[in-house]
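Please read each point alongside the sequence and the coordinates.

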Amino acid sequence: MGFGGTGRGDAFALWVDQRTPLASMKWLLAHEYFHTWNPGQLGTVPERREARPGAYWLSEGFTDYYARALMVRAGLISPEEFATIWNEMLAAYAGSPVRSMPGVQAAAAFWDNEAAQKLPYQRGAMLAAIWNARLRAASQGVVNMNTVLHAQIAAARSSKEQATFLFKSLVRQKGMNIAADVNRYLAKGEPILLPADTFGPCATIVTEKRPPFSRGFDADATANAGNVATDVEPLLPAYAAGLRDGMKILARTEGQPDNALVPYALLVEDQGKQRTIRYLPHGREGITVQQVHITNAQSPECSRTLSGL
């Protein structure tokens, strides 16, 4: 399945695979609707196509953060669904082959590398969560990300500065200097780890070791070959389960992208016959993965505190 969207002037366009669950549309619509605000009302963005990805940690990453926060605050998703959405992203980030790629290189690779394309979304959402928690803690809940961005709307009306510059300036006025974080995580590409209390008292961030996710074959080369399995790795579980180069992959019937802990199943055509190959999608070496664990979903304040807004 697949789905996506893009802004087009005063509207946005969507493409949605017929197999996409209706529940996934909440996430897509929340993200795209938020683009009516970010970055259009928060300042300018780079005009050159190749320069834009350098600002996507704010325009796309913050939009991902707010889509999750506003959906749980509005009751459109449950605390458990909020955690699931975050956990899928956190697992993908932990297993990303470009997780430590410096910002300049990531921006240059954005249009050609799928993993690099996801990186500013991941980094921006995680930093927004961290900075929001810091603002709230330092002000005893009086100041949060909303406070800064509402001030940024007002400032942007009379400024031609880029949205990222305005944000850095305004958040500093609220008593938080993010220059070190920007240098470490966005410029140098150091891995980001969420503090345990990022989402307040009804959730905790658990950091654990797990096998990396691997389909066991080269997914890009397989797609380019018309879904014919390519470069199946002999030392991984997919090969042990029977997958071989040249088999036609008809469908994934079980499993979740980036989740190495649940079984993965592929319906394949092998010498004119169909069969299902099932295995755990483990890669070679362990990785550090963070996950959001809801600890008090029954609290009437849980959805509000999870949003942090």
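1. Asp270 has Lys273 in E6 as its bridge partner. This pair belongs to the antiparallel pairing of strand E5 (residues 264-270) with E6, which 7 bridges join. Strands here are DSSP runs of type E with at least two residues, helices are runs of type H or I with at least four, and both are numbered from the N terminus. Two strands count as paired if DSSP finds at least two bridges between them.

2. On provenance, this is a predicted model, in which local features need pLDDT of at least 70 and side-chain atom pairs count only at pLDDT 80 or more, while totals for chains, interfaces and linings use all residues. Residues are numbered from 1 along each chain as its sequence is written, and side-chain values use heavy atoms, with hydrogens and water left out.

3. The sheet that holds E5 and E6 is open, with 3 strands in the order E4-E5-E6 and antiparallel pairing. Strand E4 (248-254) and strand E6 (273-279) are the edges; each has a single partner strand, so one side of each lacks a neighbour in the sheet. From one strand to the next, the twist averages 25° (axes are lines fitted to C-alpha atoms, for helices over the stretch in contact, and angles run from 0 to 180 degrees between N-to-C directions).

4. The loop between E4 and E5 contains Asp258. With a relative accessible area of 27%, Asp258 is partly exposed (buried means under 20% relative accessible area, exposed over 50%, and partly exposed in between, with a 1.4 Å probe and protein chains only). Not counting residues up to four places away in sequence, Asp258 touches Ala91, Ala92 and Phe213, where contact means heavy atoms within 4.5 Å. Asp258 and Asn87 are 171 residues apart along the chain, and their C-alpha atoms are separated by 9.9 Å.

5. Helix H3 (residues 79-94) comprises 16 residues and reaches 22 Å from its first C-alpha to its last, close to the 22 Å expected at 1.5 Å a residue. The expected span is 1.5 Å times one less than the number of residues. Buried residues of H3 include Phe82, Trp86, Asn87, Ala91 and Ala92. Among the elements covering the buried residues of H3 are helix H2 (56-73), H5, strand E3 (203-210), strand E7 (287-294) and helix H11 (302-307).

6. Which residues touch the most other members of the largest nonpolar core? Phe62, Trp86, Trp131, Phe167 and Phe199 do so, in a core of 57 residues. Helix H5 (residues 114-139) gives the most to this core, contributing 10 residues. A nonpolar core is a set of buried Ala, Val, Leu, Ile, Met, Phe, Trp, Tyr and Cys residues joined through side-chain atoms within 4.5 Å. Apart from neighbours within four places in sequence, Phe62 is in contact with residues including Trp57, Ala128, Trp131, Met145, Leu149 and Phe167. A second, separate core has 14 residues, including Met247, Ile249, Ala260 and Ile277.

7. Thr164 is part of helix H7 (residues 163-173). Its relative accessible area of 12% makes Thr164 buried. Its contacts, leaving aside neighbours within four places in sequence, are Ala55, Trp57 and Leu58.

8. The structure holds 1 disulfide, defined as a pair of cysteine sulfur atoms within 2.5 Å. The bond is formed by Cys202 and Cys302, whose sulfur atoms are 2.4 Å apart. This pair links distant parts of the chain, with Cys202 in the loop between helix H8 (179-187) and E3 and Cys302 in helix H11, 100 residues apart. The link of Cys202 and Cys302 is right-handed, with 80° about the S-S bond. Cys202 and Cys302 are both buried.

9. Gly4 has Trp15 in E2 as its bridge partner. The two strands, E1 and E2, form a hairpin with 2 residues between them, and Gly9 in the turn has a positive phi of about 70°. Ala11 lies in strand E2 and is partly exposed, with a relative accessible area of 43%.

10. Glu32, in helix H1 (residues 24-34), counts as buried at 6% relative accessibility. Not counting residues up to four places away in sequence, Glu32 touches Gly5, Thr6, Gly7, Phe12 and Leu14.
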